[in-house]
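Here's a quick walk through how two chains of an assembly meet. Have the structure open while you read.

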Amino acid sequence: MQRITIDPITRLEGHGKIEIFLDDAGEVANAYLQIPELRGFEQFCVGRPAEEMPRITNRICGVCPEAHHMAATKALDALYHVEPSSAVKKLREFFYSAFYVTDHTTHFYALGGPDFVLGPDAPAAERNILGVVHKVGLEIGKAVIDTRMRNHHVIKQVGGRGVHPVAGMPGGWSKAISEEERQEFEAIARKNVDFALFSLKVFDDIVLANQAYVDLILSDAFTHRTYYMGTVDSNNKVNFYDGLIRVVDPQGKEFVKYPSRDYAKHVAERVEPWSYLKFPYLKGVGWKGFVDGPESGVYCATPLSRLNASDGMATPLAQEAFERFYQTLGSQQVNGRYQPVHQRLATHWARLVELLYAAERMLELVTDPEITDPNVRVVVKNTPDEGVGSVEAPRGTLTHHYWTDERGILTGVNLIVGTTNNNAPITMSVKKAAQHLIHNGTVITEGLLNRVEMAFRNYDPCMSCATHSLPGQMPLEVVIRDPDGNVIEHLSQYT
Amino acid sequence: MSEERVGVYVCHCGTNIAGTVDVEDVAKWAGSQENVICSRDYKFMCSSLGQELIEQDIKEQGLTRIVVAACSPHMHEKTFRGATERGGLNPFLFEMANIREHNSWATNDKAAATQKAKALVKGAVERVVHHTPLEPLPVEINPNTLVLGGGIAGISAALELANAGYHVYMVEREPSIGGHMAQLDKTFPTLDCSACILTPKMVEVGQHPNITLWSWSEVENVSGYIGNFTVNVRKKARYVNEELCTGCGICEEKCPRKVIDEVFEAGLSYRKAIYRPFPQAVPKYPVLDPANCTYFERGKCKACQILCPTGAIDFEQQDELITIQVGNIILATGYDLFDSRRIPQYGYGRLANVFTGLEFERLVNAAGPTGGKIVLRDGVTQPESVAIVHCVGSRDKHYNEYCSKVCCMYSLKFAHLVHERLPNAEVYNFYIDMRTPGKGYEEFYHRLLHEGAHFIRGRVAEVTDAARLPGEEGKLIVQAEDTLIGKQRRIPVDMVILSSGIEARQDSKEVSHLFGMGCDFDGFFVERHPKLDPVATMTEGVFIAGACQGPKDIPDSVAQGAAASARVAGLISRGTIMMEPVRAHIEAEACSGCRICNNMCPYNAIVFHEDSKVSEVITALCQGCGTCVAACPSAAITGAHFTNEQVLSEIEGLLWDVSEQLAVSA
Amino acid sequence: MAEKPKLAMYWAAACGGCEISTLNIGEKILVVDDVFDLAFFPCIADFKVKDVQGYPDGYIDVCLFNGAIRNSENEEMAHLLRQKSKFVVAFGSCAYEGCIPALSNLTSRQATLETVYFDNPSIDNPEMTLPQVKTRVAEGELTLPYFYQTVKALDQVVPVDYYIPGCPPEPEQIWAVLEVVVNALLNGGPLPPGGSIVGAGKVAVCEECPLEKNVKAIDQFYRPYDLIPQPGLCLLEQGIVCMGPATRSGCGALCPQANMGCRGCYGPLDGVEDQGAKMLSAIASVVGVGAAGEDEGEMAKKLDEVMSTLVDPAGTFYRFSMAHSLLQRAKVNGKQA
Amino acid sequence: MSEPYEPVIVGFLCNWCSYRAADLAGTARIKYAPNMRAIRVMCSGRVDPQFVLKALREGADGVMIAGCHPGECHYVDGNIKTLRRFTLLKQLLRQWGVEDERVQLVWASASEGNLLAAAVDRMTEQLRPLGPLRWKETVLGRNGHGEFIPVEEVPAVEEV
């Protein structure tokens with residue numbers, strides 16, 4: 001039996017290792033996604049004062065600390081039974097939207113983008129953010145960097161720090177923003193809308209205009225018919241900060257819609273001895289193994305999932321982009337809702353639709369008179385007991401669940417983070433891609449291995465979140481062993 | 001591995017140490033330790049020969065650090081620092097390991113004692129290599145002295161210094177100096193008239209060219225340190241211009257307003273709104289008390305002003321704030337009397353003819369309200385029987401556990417005065433123990449026994465006017481268990497005198513903090529050493545004398561006043577003094593201005609500079625306790641001779657054998 | 001042209017904030033790319049462990065190592081990179097002193113595994129499965145790194161040349177350090193003495209903090225939501241725990257300016273062995289309870305009450321410095337936090 | 001661990017009261033457990049909590065801090081600061097899993113040699129049943145930095 005080891009996968013945020021076993025016929029027998037890291041926040045947070053969680057759990061991930069900060073802060077609202085004022089909610093959502101703009105920008109241009117902008121077969125040394133810059137032009141590269149910088153500026157001003165914000169408190173926010181700041185932020189938000197529109201155009205010009213790419217996106221190798229999860233507002237429109245969690249089945253029919261505090265009624269996590277990362281699935285369907293279809297509880301929570309789970313976007317331009325997305329990918333409307341798009345590579349496009357929504361939402365909020373309300377901090381006297389908070393992290397629904405004693409000292413913590421939701425689907429995608437691309441006698445080439453990786457990468461998996469390991473990309477490495485485990489071929493990407 | 005060359009000397013102290021600790025083994029082992037160049041054991045390290053060993057080795061073997069394992073540093077640290085210095089090293093490059101008091105004398109287990117000795121030596125060696133040379137701090141002494149309190153202790157201190165040619169500022173809270181002694185009639189046991197012996201001293205103070213006397217004044221703030229104190233004094237307005245006043249007393253005479261004199265006359269008599277507490281008051285100027293002055297109340301009267309021959313009355317006068325520089329301070333703030341009302345069963349304040357000792361002093365005083373006649377509250381009736389209750393508020397867990405020391409003697413004095421003035425009156429003394437130590441005291445006691453005073457041994461249970469037996473009607477009945485005959489006794493009398501005890505001043509805690517020193521549970525100021533240094537305090541340059549340090553009679557107070565001034569005079573004549581360099585220091589570059597340390601120092605030695613936003617330790621003020629060093633969160637403060645490095649290394653040394661076990665078992 | 005100096009950046013048990021903060025130096029990242037040959041920099045370039053293993057010893061000039069040592073793989077990578085690098089820099093709080101992951105040293109490996117994989121409301125693990133370092137599956141054997149009992153700082157497994165504190169280090173500070181390194185490598189400029197802490201101040205955070213500071217006498221401690229702090233006034237003297245006085249400056253006192261107390265991510269100052277103990281000493285010293293002459297029992301009781309309003313001293317004073325503290329980890333038996 | 005187990009206590013004694021108390025105990029030939037090793041500090045207020053933790057890390061089984069009785073401190077109230085720090089330190093040490101008996105605060109005036117001796121005896125006996133602390137060995141594991149178990153050494157291999 002041959003064995004291919006991809007360790008670690010590149011341009012993924014966090015540790016990950018793919019093991020592909022080939023049978024004697026050289027066909028893919030099985031594939032495993034292994035997560036080698038664990039940091040155990042659920043245990044060492046016990047004994048800490050609950051109000052410190054927004055400042056502790058953001059260390060789960062330095063790529064999306066804002067998501068953990070916000071989920072923790074909302075969990076505190078519930079824990080201390082305090083409803084934030086609308087001004088506070090708006091300030092939080094504004095902050096959170098700015099984060100979405102930076103995060104989606106980073107992924108599309110630095111992580112996911114290169115595969116399309118430069119093509120899966122381009123030399124890997126070029127297939128990175130710098131390569132993208134060369135291809136699309138330096139001023140665009142600068143625009144990308146500027147977008148990250150100006151929105152990080154917003155995050156620092158509103159959240160207190162550039163990375164690992166500190167402002168979240170039960171029922172409130174530690175500081176308000178001044179009118180001067182608001183004006184500055186408004187200008188930034190307007191730039192963001194332009195940048196989002198521009199990015200969608202880049203996708204049109206470079207990807208959709210290229211039939212080969214479209215074929216790649218639509219190819220069965222990257223298709224899975226699973227359930228989809230996402231948070232929606234009262235109109236079933238996508239919302240990142242708050243709302244109900246909605247799950248649709250592979251046909252696009254609403255399977256369940258529940259408040260995040262009920263998460264444990266609907267989601268369960270399995271443990272496999274060969275990975276530190278657990279495998280969530282829908283309790284209502286049940287675990288049938290690493291397979292898709294309506295019979296399998298495997299679900300997916302990504303930008304694509306959020307679009308599939310929603311009835312549309314809450315802002316005008318984003319709604320247009322949403323319509324175009326489904327129409328272009330040939331999705332039919334069934335009683336008012338588009339059928340889900342199952343082609344995983346479309347996630348990159350979906351991410352840009354969300355980027356536009358985040359930018360528009362930011363502008364809405366920053367022009368809201370309430371946004372500069374100085375009273376964003378409240379004195380809390382209620383006795384804490386238990387609380388759940390969730391937000392849509394860019395990489396999926398993020399849930400924090402705390403229990404405390406009457407002094408607010410944590411006695412229990414449970415976390416289901418964005419990427420973890422997608423642990424099973426990612427494994428399946430990798431296996432399926434491998435099965436399509438690797439056949440007996442196939443000489444494994446870099447481009448081919450990169451395609452296997454693309455199956456993985458479109459989820460933008462953040463293993464920092466999932467495993468509390470570290471982000472970043474490391475090279476693809478392939479070892480082919482004979483059944484005795486001897487290396488018979490050793491390929492690697494960038495030599 | 002450090003460069004230092006350490007010499008270790010293990011003392012046998014005869015058999016005191018060698019009897020329990022295998023000193024040869026310790027010395028031999030020490031020789032094998034890192035940095036140790038030479039290691040010896042010797043019969044008596046403190047002997048001149050022992051010390052010469054150290055001096056030689058330093059010279060011949062180029063030792064740079066010295067460790068002596070012997071007795072307590074409190075015994076011989078100075079000795080060996082001397083030897084170290086004579087050998088040519090800075091005396092602070094020495095460290096002592098206490099293997100006698102803390103070891104050989106504390107156990108019989110030879111093995112354990114030897115092991116512990118090694119640990120203590122290792123600790124000292126690890127520590128000493130981190131020692132740095134330190135130089136004592138020279139401080140100039142300002143020759144002026146502040147004496148706070150003008151009672152007999154303060155007076156004697158002030159006069160000693162003034163007569164030695166040094167300037168003294170005396171600050172007294174009351175209008176006149178003299179203190180409690182001025183209120184007394186006779187003094188025990190010699191029975192000379194208190195005023196007669198005190199007044200000349202008061203006058204001497206008032207007239208002495210070297211004494212600046214401010215009565216009716218209080219100290220508001222003290223800053224600085226030995227040799228260089230800055231003191232702010234508030235001179236309260238007297239409404240009398242001292243330049244013009246001749247002390248003729250016409251104002252007092254003409255003042256229409258009478259006020260009960262609670263202070264000097266203990267409430268038995270009146271004073272005027274403008275007054276001198278007593279005729280011999282020093283200074284002679286009266287004080288106007290605006291709270292009771294008709295002019296201040298209603299804006300008219302002005303009798304005193306109109307009639308003053310020199311126009312000295314000044315209704316516009318304001319408090320005066322004076323700042324003085326002194327080198328030393330003597331506190332002689334005296335005492336308060338125990339308030340007998342706190343013991344309700346004795347009836348004071350409820351039963352008219354229960355008197356306090358002080359009231360009785362005024363009664364028998366020829367200058368007092370009754371011209372010296374002993375009469376009941378009605379002012380006419382002479383008592384036929386008098387009970388004197390000892391230990392009122394003293395030797396009693398509910399009030400003060402301590403003995404007030406003077407009550408027995410003044411009670412005897414009272415008994416004698418009653419006999420003298422009312423030959424037919426019976427006097428009963430109720431006592432717990434008679435305490436009459438002191439020259440001529442015991443003899444005085446015998447004299448009273450012969451005079452026929454009754455002595456009943458027992459604490460008085462109560463004083464009541466509820467008559468139960470015939471003969472008790474209209475009397476005060478004193479009930480007590482006579483512990484000598486073992487039965488309850490009820491003695492009917494006309495007058496009861498409560499010999500109330502001595503207490504620290506109500507405000508002694510504030511005062512002690514003002515001067516940065518300690519006071520004990522009872523509020524008396526804490527001396528540097530109860531036996532060997534009774535008039536000094538832990539604050540250098542601040543001394544204490546008289547009853548503010550604890551209950552005392554007149555001769556003791558006078559002696560302490562003189563002793564304190566002798567200590568001060570010694571400092572002044574030296575001009576500059578050297579202080580132990582164990583002091584804290586703030587590295588300005590490392591100080592963030594967090595101000596955590598600012599209220600750590602009991603001596604207010606830490607100042608914060610608003611401009612540079614850093615704190616600083618005033619070295620001469622610092623007493624070296626190291627509390628601020630431990631508090632500083634950023635290690636910006638170092639404590640000389642007790643640095644973190646030194647202590648942490650000592651810890652490692654002390655635990656050398658534990659770590660060794662680890663190394664083995666690991 | 002002359003060969004460029006080799007730069008490596010690696011992460012062990014970390015969150016990635018260090019990389020993000022490094023990216024936040026903005027366009028200057030292109031300068032770095034320009035000056036250095038990247039020998040191993042997973043964040044922006046593609047190299048692999050195999051490559052590193054192939055390098056001669058000391059081939060890498062500067063290795064920026066972030067993340068704590070949480071498992072056997074982290075430690076193995078630390079040894080490998082030490083061997084291949086001239087200068088190893090502990091980059092960020094995790095590598096420097098353990099940071100948040102080291103809070104795990106208050107509990108045990110066993111307790112952690114049990115909590116994560118056995119008892120929580122969403123778990124489905126009837127067979128009580130735990131991840132294994134070796135697992136035989138139908139097709140072969142799969143391996144995982146070993147999860148340690150104790151989280152360690154980088155210099156507790158390999159010698160470290162420099163430390164850059166902060167969680168994460170602020171971009172300006174990162175750039176400042178890179179400038180020094182570049183200047184040293186290209187123009188033979190001076191390097192700071194070995195073992196020193198770079199990219200940070202020499203004084204406590206309070207120096208950078210604009211809030212007004214006065215003499216402190218704390219009557220009780222307040223949780224952040226207990227009160228709305230008086231603006232412009234030192235949080236600590238209002239009873240809100242702030243680690244500023246015991247924490248090295250360099251961050252610009254961001255948290256206090258956001259009305260939140262400092263948590264000490266820049267670590268202790270020179271001469272401090274144990275940041276937590278130092279802050280404990282400082283904060284307890286200024287509790288305004290107890291005075292000479294008061295009844296001892298009363299005083300002790302009052303102090304106990306006041307001190308217990310400071311919840312979780314260990315998790316507060318050692319939020320970031322646990323692995324580097326004197327005791328380093330708690331003494332725990334079985335499952336306890 | 002060497003048997004029988006003898007606890008090792010590091011004592012921090014203030015120069016004015018408790019150190020002199022220990023001197024007095026010796027002078028009075030009071031016999032007490034030789035298990036305490038004393039460090040002299042000018043005031044118990046100098047005892048930096050770092051000292052206590054350092055002693056525990058270096059292998060002490062217990063630490064005794066001794067000073068003047070409150071109200072009798074030769075530096076007015078240095079020992080009050082000690083009490084404040086000690087109170088909080090205890091709460092910290094509980095979280096570290098260090099038993100209360102292992103770190104004790106004792107007041108002994110210069111005249112209370114017997115009291116200090118008794119305190120050392122008492123503490124020694126309280127420590128025996130707790131067994132050795134010896135931090136590096138029992139808590140941190142060998143090499144003082146927690147275990148490092150290479151994968152090869154880990155026996156558990158789950159069959160699936």
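What follows looks at chain C against chain D, with a word on the other chains, in a predicted model.

## Who touches whom

Let's start with the whole assembly. Five pairs of chains are in contact, and chains A and C share the most contacts of these. Chain A and chain B, on the other hand, don't touch: their nearest C-alpha atoms sit 22 Å apart.

## The C–D interface

On to the pair we care about here. Chain C puts 53 residues in contact with 44 residues of chain D. Together the two bury about 4600 Å², with carbon and sulfur atoms giving 63% of that area.

## Salt bridges and polar contacts

Two salt bridges link chain C and chain D. One of them pairs Lys331(C) with Glu99(D), where the closest N and O atoms are 2.8 Å apart. There are also 16 residue pairs in polar contact between chain C and chain D, counting pairs with both residues at pLDDT 80 or more.

## What chain C brings

Several elements of chain C give two or more residues to the side that touches chain D, including the strands β7 (134-137) and β9 (147-152) and the helices α4 (72-84) and α10 (296-308). The largest share comes from α9(C), with seven residues.

And the make-up of that side of chain C? It divides into 27 nonpolar, 14 polar and twelve charged residues.

Definitions and conventions
Residues are numbered from 1 along each chain as its sequence is written. Chains are lettered from A and ligands numbered from 1 in the order in which they are written. This is a predicted model: local features need pLDDT of at least 70, side-chain atom pairs count only at pLDDT 80 or more; totals for chains, interfaces and linings use all residues. Side-chain values use heavy atoms; hydrogens and water are left out. Contact means heavy atoms within 4.5 Å. Buried area is the accessible area (1.4 Å probe) that two parts lose on being put together, summed over both. A salt bridge is a side-chain nitrogen of Lys or Arg within 4 Å of a carboxyl oxygen of Asp or Glu. A polar contact is a pair of N or O atoms within 3.5 Å; within protein, one must be able to donate a hydrogen and the other to accept it, and residues adjacent in sequence count only if both atoms are side-chain atoms. Helices (H or I, at least four residues) and strands (E, at least two) are DSSP runs, numbered from the N terminus. Ala, Val, Leu, Ile, Met, Phe, Trp, Tyr, Cys and Pro count as nonpolar, Asp, Glu, Lys and Arg as charged, and the others, Gly among them, as polar.
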